[in-house]
Amino acid sequence: MPLHLPALTQVLGACPHDCPDTCSMLTTVQNGVAIKVQGNPAHLHTAGSLCTKVSRYTERTYHPERILRPLKRVGPKGSGQFEPVSWDAALTDIASRLQVIAERDPQAILPYSYAGTMGLVQGESMAARFFNKLGASHLERTICAAAGGEGLVHTLGGKLGMRVEFFEQARLILIWGSNSVASNLHFWRYANAAKRAGAKLICIDPRKSETADKCHAHIALLPGTDGALALALMHELVQNDWLDHDYLDRHTLGWDKLRERALQWPPERAAAVCGITSQEIRDLARDYGACAWRPESDANQGSAAIRMNYGLQRVHGGGNAVRLIACLPALIGAWRHRAGGVLLSSSGTFPVQKAALQRPDLLAGRMPRTINMVTIGNDLMRLSSPEFGPAVEAVIVYNSNPVAVAPESAKVVRGFAREDLFTVVLEHFQTDTADYADYILPATTQLEHWDVHSAYGHTDALLNRPAIAPQGEAKPNAQIFRELAARMGLTEPCFQDSDEALCRQAYGDEVDFEELLANGFVTLKTPEAPFAQGHFPTPSGKCEFFSERLAQRGLDGLPDHVPNHEAVHTSKAYPLAMISPPARNFLNSTFVNVKSLRDIEGEPLLEIHPVDAVMRGIANGDIVKVFNTRGTHSCRARVSERARPGVVNGLGVWWRKLGLDGTNVNQLTSQKLTDLGHGPTFYDCLVEVQRV
Ligand code: SF4
């Protein structure tokens, strides 16, 4: 559908990517062509700048390899051989094949999607309605944030925390498990301003990241030991009475029990577990304790703020680690300050009208089985059984690239290679997953469709308007599901809702849609210091050190350090721990095919500490093989102190087919799950490395 815009105009949008910053974008359009994408200067958090990745968004949108017509497989699965077909032919065939399966058992149909777009409309709106009406399997969408999210819910009562702009006023900032310079750039701007004003910044991360370079101190703990560090900090806060007793008495639950547990973690014990010195722990505790609230202190002075990110919870004990860290601000009364507390995610702030968008009522009382997206490698190979239900016969993939991003990818590939599996992929490009599709359906990019966004790193709702007409024959995801619904005879009026109508439904009356249309964003009304007077949205109304809800599930009501499934020093054959943080110019597996960004990254890299490299005869630039019982992945070694001894950093997430040997780091990661939230354990992975 052509858009009727003046010859030169600017269109307000929102960055759709899985990043806490959710920037407000301005797209300059000349005669129907997007010529520039930039940050909206009127939006406080974006402040007129986008990251390098999204600044190249026009390159991605007009990429010569963009899929612009529906494609049908003509070669063996995975061969990547397709021929163009009409939309009519593609949708008619897909609908009839799904119909046959749905008549037998709709649970044999599996949607597979995540945050390829964070949009509420092109994500789970019309798609969810479609799968709910069919009665398809539910997908447990846990691949990123589930463990930490559940940790927050059981401690603070929701995915809530400090307002990001107040980090600027903190005196101490702990950047815990986050390479903010690369993946939370607009938070970094606030942290940097605080630094200029005299704040101390401490980075806690196994990798000496670009963020660690810019902080005053860096604590390079072993992966999966963050909970032990938090317990030792509590030990020191108790021993030195750096506590806000009044806040503990009035606004927390279970302090006596947590205190007792923390006293079992002197710095020496935690130092041995974390692979750091006890002095580092004491120094950190002293800095944090110095910000403990005193009745005479000014409300905005001396506050300690913690910015966590999701990296630290991608290990067995990720949920408990987040619980422990989220407890810390209550010990010192940091929540009393607007510039104190913790922020992992603000997504619980948004009044998203999920039921209106997704229409669970269309299930009409059915309770389809749930499949976890993390274990897709196993589940695609499972046969029908009373416990599992029917074998998966069809997968519809949108906003995700599981062959590249799901763990233990040899098994994921084997599953998607099943000749009897009917696979439809909605995509912009022929990704690793699209290679295994029976049909690839061309989806629009963010510049070509409507959407509404929430955020997890700030508290502004955003609207995305289409800036240009859909390229080629591409259609928005919502439109594709609308047309599939029509072909399958789904006649409920909700399948007629336009994308603009869905945008209006996303927040209903809770957010002024006219303001969204006019400005592109609306700042939610949230308190400056949300827990200054307690009022945590937990069952007790307090910060729950002890969770009765977890205890009732037979779990430990108190948070604890939970060791990795694959802890260091537990395997002679695989003595190195591997984490796989994102390469700076990629965002999950998005942007790997944008040549200018791939050129910066070069090729898949493994950072290895000089000591570990020398032991293995590895020189900088050597090709190495990284291996464990799950597989082997070849890449180039970068001998660097960005890696700490005993830990290697496999920078991800490359497309397999663009790697050296047709694999990526997920060849090595496991499908084991976290302690809470059924999340993945990508950073809980032992390997060995050899020079090739
Ligand atoms: S990826 Fe993040 S920093 Fe980059 S434009 Fe999008 S929201 Fe902003």
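This is a predicted model: local features need pLDDT of at least 70, side-chain atom pairs count only at pLDDT 80 or more; totals for chains, interfaces and linings use all residues.
Colleague: OK, so where does Thr-22 sit?
Modeller: Thr-22 belongs to the loop between strand 1 and strand 2, and its phi is near 30 degrees, which is a positive value in a residue other than glycine.

Colleague: And is Thr-22 buried or exposed?
Modeller: Thr-22 has a relative accessible area of 6%, so it is buried (under 20% is buried, over 50% exposed and in between partly exposed, with a 1.4 Å probe and protein chains only).

Colleague: Which strands does strand 2 pair with, then?
Modeller: Strand 1 (residues 8-14) pairs with strand 2 in the antiparallel sense over seven bridges, where pairing requires that DSSP finds at least two bridges between the strands. Within that pair, Thr-9 has Val-29 of strand 2 as its bridge partner. Strand 2 is also antiparallel to strand 3 (residues 33-39), with six bridges between them, and there Thr-28 stands opposite Lys-36 of strand 3.

Colleague: What happens at the turn between strand 2 and strand 3?
Modeller: The hairpin of strand 2 and strand 3 has two residues between the strands, and Asn-31 in this hairpin takes a positive phi near 45 degrees.

Colleague: Changing topic, which residues surround the ligand?
Modeller: Thr-22 turns up again, because the ligand is surrounded by Cys-15, Cys-19, Asp-21, Thr-22, Cys-23, Leu-50, Cys-51, Val-54, His-186 and Leu-587, each with a heavy atom within 4 Å of it.

Colleague: And where does the ligand sit?
Modeller: The ligand sits in the second largest cavity, in the sense that more than half of its atoms lie within 2 Å of the cavity's grid points. A cavity is a set of points, on a 1 Å grid over the protein atoms alone, where a 1.4 Å probe fits but cannot get out, whereas a pocket is an open set with protein on both sides within 12 Å along at least five of seven lines, and lining residues have an atom within 4 Å of a point.

Colleague: How much space lies in that second largest cavity, and what lines it?
Modeller: The second largest cavity holds about 110 Å³, a volume being the space filled by probe spheres set on grid points that are joined across faces, edges and corners. Its lining has 16 residues, and those nearest its centre are Cys-19, Asp-21, Cys-23, Cys-51 and His-186. Helix 1 (52-55), helix 6 (180-183) and helix 7 (185-196) are the elements that give two or more residues to this lining.

Colleague: You mentioned helix 6, so what is known about Val-181 there?
Modeller: Val-181 is part of helix 6 and is buried, with a relative accessible area of 7%. Its C-alpha atom is separated by 9.9 Å from that of Asp-213, which is 32 residues away along the chain.

Colleague: And the largest pocket, how much space lies in that?
Modeller: The largest pocket has about 1,400 Å³ of space. It is lined by 38 residues, with Tyr-114, Glu-124, Arg-141, Lys-354 and Gln-358 closest to its centre. Helix 4 (126-134), strand 7 (138-140) and helix 15 (354-358) each give two or more residues to the lining, and helix 15 gives the most, with four.

Colleague: Last one: which strands pair with strand 15?
Modeller: Strand 6 (residues 109-113) runs parallel to strand 15 and is joined to it by five bridges, with Val-397 as the partner of Tyr-112. Strand 16 (residues 422-427) also pairs with strand 15 in the parallel sense over five bridges, and Ile-396 has Val-424 as its partner there. Five of the five residues of strand 15 (residues 394-398) are buried, so strand 15 is largely enclosed by the rest of the structure. Both of its faces are covered, with Ala-394, Ile-396 and Tyr-398 on one side and Val-395 and Val-397 on the other.

Technical notes. Residues are numbered from 1 along each chain as its sequence is written. Side-chain values use heavy atoms; hydrogens and water are left out.
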